[in-house]
Number of protein chains: 6
Amino acid sequence: MTTARFDAGLAKLREIHGQYGPAVLDRLDDVAPDLKRWVIEFAFGEIYSRPQLDIKSRQIATLAALVCLHHSGLEIKAHIRGALNAGCTREHVVEVVLQMAIYAGFPAAISAMDSVRETFAELDAGVEKPQSAL
Amino acid sequence: MTTARFDAGLAKLREIHGQYGPAVLDRLDDVAPDLKRWVIEFAFGEIYSRPQLDIKSRQIATLAALVCLHHSGLEIKAHIRGALNAGCTREHVVEVVLQMAIYAGFPAAISAMDSVRETFAELDAGVEKPQSAL
Amino acid sequence: MTTARFDAGLAKLREIHGQYGPAVLDRLDDVAPDLKRWVIEFAFGEIYSRPQLDIKSRQIATLAALVCLHHSGLEIKAHIRGALNAGCTREHVVEVVLQMAIYAGFPAAISAMDSVRETFAELDAGVEKPQSAL
Amino acid sequence: MTTARFDAGLAKLREIHGQYGPAVLDRLDDVAPDLKRWVIEFAFGEIYSRPQLDIKSRQIATLAALVCLHHSGLEIKAHIRGALNAGCTREHVVEVVLQMAIYAGFPAAISAMDSVRETFAELDAGVEKPQSAL
Amino acid sequence: MTTARFDAGLAKLREIHGQYGPAVLDRLDDVAPDLKRWVIEFAFGEIYSRPQLDIKSRQIATLAALVCLHHSGLEIKAHIRGALNAGCTREHVVEVVLQMAIYAGFPAAISAMDSVRETFAELDAGVEKPQSAL
Amino acid sequence: MTTARFDAGLAKLREIHGQYGPAVLDRLDDVAPDLKRWVIEFAFGEIYSRPQLDIKSRQIATLAALVCLHHSGLEIKAHIRGALNAGCTREHVVEVVLQMAIYAGFPAAISAMDSVRETFAELDAGVEKPQSAL
C-alpha cells in the first residue's frame, strides 16, 4: 500500500542510483522505516523528480553539499555513483570535489577524495554497491 | 606587475561575475591585499579556469556549497549573479537552493532564499552590484 | 486545492506558533512557494504531527538544534515562541540554550541568548510576531 | 581530594549514565585528566545538576545537539543510553533523531540512526557499556 | 559573594580584554547571569588562567577557532582586541585569519576580515569597546 | 618540471612535517594530483612560507582549526606532529585542544584528544608516520 509519491520516488531513486541503490537505505528498516519512506517520498519523489533542473546538475549540487557538510563513507560514495549514472564523467566528479577546497577548505576536499578513489576502485572491481569504509 | 595566473584569474572573475564582480573584493585592499590576490590567482586563475567542468556546473556546485556552509549576504548574492551569468535561469538557482533542504536542513534553505529574493529584486531594479543585507 | 497533509500541517503550525506563525513563511511566496508548502506538509504535517513525542519535547529538541546550527534571528525567535506555546516556561527556554554551551560552545550559546532576550522583550511589549534583528 | 562540584557531578553522571557511564571518560586519564574533571565538575556538576529543567528534557536536547553537530560513535551512543535512563522510551529516541532531518538534513539523521540501531542491539545483548563503532 | 575561581577569571578577563572587556557580557545579566558567571569562572578562571600556554598563543588559537566556527561581530572583534592586548601585532592577527582560508575556506576568511578591518578602524578612532556590526 | 612555489612549498612541508610528511598526500596521486600540488604550492608554498608569523604559532592556529572543524584521523595527527616539530611541547598541544572545549564544545575536544593520545603513543613507539585510526 504505497502512495503515488512513494512509487515515483522509488522509480527516481532506481533511475539515479541503480538497481541496488535503495539497498543503502535498508538499514533503516528496523529502527526507522518512516525515515526511509520520507527519503523516497520527499527527497526522491518530490525534489529529485522535479523537472526544473536536470539530474546531472542535481547530483553535482549534492556532491558539493556532501563535501561541505563533511559527510563521508556510504553517503558520499552512493552519490558519486549517482553522479556517474546521471552523466557525469569521473573527471567531473573529481572536479567538483577539487572546487570545494575553496569553500569547505582543503582537508574536507582531501578527505572526500578518499571516497572518490574508493568508489572508482570498487566500480573497476565490479562491486555492485558502495562499500562502507570499514 | 601581475602574474599570468593573476591575469587569467581576473579575466575569469570578470567573465563569471561581470564588470563589477571584482569590486566585491575591494574591501580587502587595505587589510589583506594578499587574500584578494589569492582569490583571483587561485580560486579563479586555477580552479574556475580549468576546462574539466563547465562554468554553469561550477556555479551550481558553489551555490550548493554556500547554502550548506551558511554563507549569506554578499557572498551568496555574488554567486547567484554568477550562476545567472553562467547560463542558469532563475528557476535553476531557486531549484539548487530548494534541493539543499535535504542536505543542509530547511532553515538553511529558507534563509538562503532571502538572498535569492533580494538578488532578483536588485537585478529587476537594475542595481549593478550585489548589495549588503544592511 | 490543498492536500490532507497540508491541512494537517497548517493546523499544527498554527497550534505551535500561533495565529501569526505561518506569516514567517510568507516571504517564500514569490520566489519559492513549494518550499513553504513542504515546510507545512512535511515538517509540520508529517513530523510535528506524529504522536510519538509531545510537542513540548519537540520544541526543546528544535531549540537545541538551532543553537548548534548557529541559526539566529527569525528562525530561532519563532521557535522560542513555539516552545513557550508548547508549555515551556521562559526558564526552560533559557536552560536549553545554557546547556548548549557544553555542545556548541560558549559563543554559540551567548549569541543565541540575544534572540532569547529580544523575544522575551517583544512578548512583554505585546509584539505579535517575531521581529527581524534589523 | 575532590570538590563538592566534582562529587555532585559524578553522582549526576552515574545517575544519568549508569554505573559504567564514567568509564567513557577514562581514556582521558593519561593525556588530559583536567578535561575529564571539567566534564564532571562543569557539565554534570553545574549544568545537568540544575533543577530548572528535568533530566529527560535535557537528554532530548543533547541528542538533538549531537545529531546536528555530527557527533557519532561513543559520544551519541552514551547519550542514547542516558536518554533511556532518564525516562525516554526507545520510540522517543528514534523520534528526536527523525525530527533532526528537518534541521540537520537527512544524511545526518540517517547516520545518527546507525548509532541508535547499534545501541539498541547492544542493550538487547546485555552489553554494559557503549561500544566503539570499530 | 564570589568564588576564588570567579575572581581569578575576572582578573584574567580584564588582563586580556582590558577594562571594558567584561562589558561585552553585560547583555547576559538579565536573561542568563549564570552563563556570564561560567564564562568568567570556567573559560577565564580555569582555562585562560592555566600557565601551560602563554596568552598570546591562546588568543591565536581562539581567533582561528572563531573564524572556523563562523562567529562574527562582537565575538570575534573582542578577541581581535584580546590578541592585540596579548602581544600580537596587527600583522599577526591578519595572518591567522589569512591562514584559515586553507581550513575554513576562502569565504570564511574574507568574512572574518571584515571584523578585522572594522576593529582596526575602531581602535584608530579611539573607540573603547568593540562595536556591533549594526 | 616544478615551479619555484612548488619547491618552496615542498621544502616548507618537509621542514614542518618531517621527511615522511609529504607521504600523507601520496594517496592523492592517482585521483587528484592537482590537489596535492595545490596543497604544496598554495598552503605550504604561499601561506606557511610567509614570514609574518612564526611556524609554531601557525601550527597552534591549525590545531585549533582542525578541532573546530571536526577533522580527525590522519589530518589532525599529522598536524600534532607538525606542532611538535615546530617547537610546541606535548603540553602545548594538549592545552590548545583543551581550550577548544570553550569554542567547539566538549565532545569535539574529547574526540580530538583521542588523536592526541594515539599520536603520542605512536611517537613513543617510534612510528615514522601518523597512522590511520583503523
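At what angle do helix α1 and helix α2 of chain E cross, and within what distance do their axes come? Hold that for a moment while I set the ground rules.

This is a predicted model: local features need pLDDT of at least 70, side-chain atom pairs count only at pLDDT 80 or more, and totals for chains, interfaces and linings use all residues. Residues are numbered from 1 along each chain as its sequence is written, while chains are lettered from A and ligands numbered from 1 in the order in which they are written.

Helix pairs, then. Two packed helices are described by the angle between their axes and the distance between the axes. Axes are lines fitted to C-alpha atoms, for helices over the stretch in contact, and angles run from 0 to 180 degrees between N-to-C directions. Helices are DSSP runs (H or I, at least four residues), as are strands (E, at least two), numbered from the N terminus.

Back to chain E. Helix α1 (residues 4-17) and helix α2 (residues 33-47) of chain E cross at roughly 75°, and their axes come within 7 Å. So α1(E) is roughly perpendicular to α2(E). On the cut-offs: under 35 degrees counts as roughly parallel, over 145 as roughly antiparallel, 65 to 115 as roughly perpendicular, and the rest as oblique. From α1(E), the contact uses Arg5(E), Phe6(E), Ala8(E), Gly9(E), Leu10(E), Lys12(E) and Leu13(E). From α2(E) come Arg37(E), Ile40(E), Glu41(E), Phe44(E), Gly45(E) and Glu46(E). Contact here is a pair of residues whose C-beta atoms, placed from the backbone, lie within 7 Å. By class, this α1(E)-α2(E) contact has 6 nonpolar, 2 polar and 5 charged residues. The classes: Ala, Val, Leu, Ile, Met, Phe, Trp, Tyr, Cys and Pro are nonpolar, Asp, Glu, Lys and Arg are charged, and the others, Gly among them, are polar.

Next, chain C. Helix α3 (residues 55-68) and helix α4 (residues 74-85) of chain C pack at about 160°, axes 9 Å apart. α3(C) and α4(C) are therefore roughly antiparallel. The crossing of α3(C) past α4(C) is left-handed. Left-handed means the near helix is turned anticlockwise from the far one by less than a right angle; right-handed means clockwise. Residues of α3(C) in this contact include Ile60(C), Leu63(C) and Leu66(C), and α4(C) brings, among others, Ile76(C), Ile80(C) and Ala83(C). The class count for α3(C) with α4(C) is 6 nonpolar, 4 polar and 1 charged.

Now chain F. Helix α5 (residues 90-104) and helix α6 (residues 106-124) of chain F cross at roughly 165°, with axes that come within 7 Å. That makes α5(F) roughly antiparallel to α6(F). Their crossing is right-handed. Among the contact residues are Val93(F), Val97(F) and Met100(F) of α5(F), and Phe106(F), Met113(F) and Phe120(F) of α6(F). How does the contact of α5(F) with α6(F) divide by class? 14 nonpolar, no polar, 1 charged.

On to domains. Chain A has domain 1 (1-52) and domain 2 (54-134), with bounds from an automatic or database domain assignment. Their centres, taken over C-alpha atoms, are separated by 20 Å. Domain 1 of chain A puts 8 residues into the contact, and domain 2 of chain A puts in 11. On the domain 1 side, that is 5 nonpolar, 3 polar and no charged.

Last, the copies. Two copies of a chain are related by a rotation about an axis and a shift along it. Copies are superposed by least squares on the C-alpha atoms of residues with pLDDT of at least 70 in both.

Chain A goes onto chain B by a rotation of 180° with 0.0 Å of shift along the axis, RMSD 0.0 Å. That is the relation of a two-fold axis. Both copies use the same surface: 100% of the contact residues of chain A recur in chain B. The contact takes 25 residues from chain A and 25 residues from chain B. On the chain A side, α5(A) gives the most, with 10 residues. That side divides into 16 nonpolar, 5 polar and 4 charged.

Chain C goes onto chain B by a turn of 120°, shift 0.0 Å along the axis, RMSD 0.0 Å. That is the relation of a three-fold axis. Here the copies use different surfaces: 7% of the contact residues of chain C recur in chain B.

Note on methods
Two residues are in contact if their C-beta atoms, placed from the backbone, lie within 7 Å.
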